[in-house]
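Here is a short briefing on one predicted model.

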Amino acid sequence: MRKQAAKKLPLAPDPRFQDKLVTRFVNNIMEQGKKSIAYRIFYDAVDRVSQMTNENGYEVWKKALSNVTPAVEVRSRRIGGATFQIPAEVRADRKVSLSIKWLVRYAGDRNGKSMAEKLANEIVAASKGEGAAFKKKEDTHRMAEANKAFSHFKV
């Protein structure tokens, strides 16, 4: 048994926006420890978003992230030999983590030339309430709603 929860390492704010959330996002984009490339992808995507929407790209990104953030999810629980999907509230830290992961994952699945272009398109779509990442959130909420009958089991 673990005696104590693992310590969270403090994140340094990013150089351009001085935001720790951006650093968290960039850490999810990063592959094989190449952080400078991940930053370049993110900043390029934000610049493309501001060109596409004629708004502040950083604000559009924040709006997209909040649109993709889930409130409830389903968790599997075995009760009496059967597995039930039980709806549960999402912790604040996990909400942010899920929304970031979904945005990055579904941006990568899009078709486009560069990751920055794909990410920019996914951010714009998510800020408007469309796109694959937003659909994932809607599906998660729909599944939780459909399994509300099992909420008395609690996780």
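Strand β2 (residues 82–89) has the lowest mean pLDDT among the elements of the protein, at 89. Helix α1 (residues 20–29) has the highest, at 95. Here pLDDT is the predictor's confidence in each residue, from 0 to 100. The protein averages a pLDDT of 92, and 99% of the residues score at least 70.

**Basis**
- This is a predicted model, in which local features need pLDDT of at least 70 and side-chain atom pairs count only at pLDDT 80 or more, while totals for chains, interfaces and linings use all residues.
- Residues are numbered from 1 along each chain as its sequence is written, and side-chain values use heavy atoms, with hydrogens and water left out.

**Overall make-up**
- The protein has six helices and two strands. Helices (H or I, at least four residues) and strands (E, at least two) are DSSP runs, numbered from the N terminus.
- Along the sequence, the pattern reads α-α-α-β-β-α-α-α.
- The C-alpha atoms fill a box of roughly 55 × 40 × 25 Å, taken along the principal axes.
- UniProt, in an unreviewed entry, places the feature "domain: Small ribosomal subunit protein uS7" at residues 1–148. Such annotations may be inferred rather than shown by experiment; positions follow the numbering used here, and feature names are shortened.
- Over residues 1–148 the chain is 59% helix and 11% strand, with the end C-alpha atoms 32 Å apart.

**α1 with α2**
- The two axes come within 9 Å and cross at roughly 115°. Axes are lines fitted to C-alpha atoms, for helices over the stretch in contact, and angles run from 0 to 180 degrees between N-to-C directions.
- That angle makes α1 roughly perpendicular to α2 (65 to 115 degrees; under 35 is roughly parallel, over 145 roughly antiparallel, and the rest oblique).
- In α1, the residues in contact (heavy atoms within 4.5 Å) include Val 22, Phe 25 and Ile 29; their counterparts in α2 include Ala 38, Tyr 39 and Phe 42.

**α2 with α5**
- The axes of α2 (residues 35–53) and α5 (residues 115–127) come within 8 Å and cross at roughly 50°.
- That makes α2 oblique to α5.
- Among the contact residues are Ile 41, Phe 42 and Arg 48 in α2, and Met 115, Glu 117 and Leu 119 in α5.
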